[in-house]
Amino acid sequence: MSNTNSSLLKLIKQATLCSALTLSSTFAYSQPLQLNEIQSTYKEVGSAKFRVLFWDIYQSRLASPSGKYDPDETYLFEITYLRDIKSKDLIERTIEQWEHIGLEESQYQGYLGHIQALWPDISKGDKLSMYVTNELTAFYYNDSFRGIVEDPNFAGDFVAIWLSENTSQPSLRRQLLGENNAE
């Protein structure tokens, strides 16, 4: 019995430590990243609705301090979902799109743990927001802070799904970049 109690106590201590580390990193970053302040001061670069056949999937929006997209400056990318989507399906589609734009598995493999932890199941009307600085990427779910990805390559690789010249949705890309020739 004491081995079982000892193992259980060890698991509880590990879980408590992990929770404390997660909470401390969340609180450390939550103060400077108030999404409502960012949303009110950033200007829209462009927006686009993604449809498959006659189904509306999501409305996306790209914003920045200047109203122009510069991958080396801070920006905000938001997706408001127009239908229910499971987290697992979001991650699978993200992987498909990374592969479509030519990202190697070795490049995106390290991101998967982050997005699995940060992306919940989505219901119609939910919004995922990604705030990007040169140091980190912060995710919000319905304007509530979810967490940070500190990999300096993540934001560029993620937003490339929509903004890369190799995107599977060139019309969406043009709209998000505010280009006039959007279809």
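Q: Rings of Phe, Tyr and Trp (its six-membered ring) pair if their centres lie within 6.5 Å, planes under 30 degrees apart counting as stacked, over 60 as edge-to-face and the rest as tilted. Which residues do ring pairs link into a cluster?
A: The model is predicted, with local features needing pLDDT of at least 70 and side-chain atom pairs 80 or more, while totals for chains, interfaces and linings use all residues. Numbering starts from 1 along each chain as its sequence is written, and side-chain values use heavy atoms, without hydrogens and water. The whole structure holds 16 aromatic pairs. Ring pairs build a cluster from F77, W98, Y108, Y111, W119, F139, F154, F158 and W162.

Q: How many residues apart are F77 and W162?
A: Their rings form a tilted pair, with 4.7 Å between centres and 50° between planes. F77 belongs to strand β3 (residues 75-81) and W162 to helix α6 (residues 154-163); such elements are DSSP runs, H or I of at least four residues for helices and E of at least two for strands, numbered from the N terminus. The pair links distant parts of the chain, at a separation of 85 residues.

Q: Why is the pair of F158 and W162 edge-to-face?
A: Both residues lie in helix α6, four residues apart, about one turn of the helix. The ring centres are 5.1 Å apart, and the pair is edge-to-face because the planes stand at 70°.

Q: Is W162 buried or exposed?
A: Buried means under 20% relative accessible area, exposed over 50% and partly exposed in between (1.4 Å probe, protein chains only). F158, at 5% relative accessibility, counts as buried. W162 has 8% relative accessibility, so W162 counts as buried.
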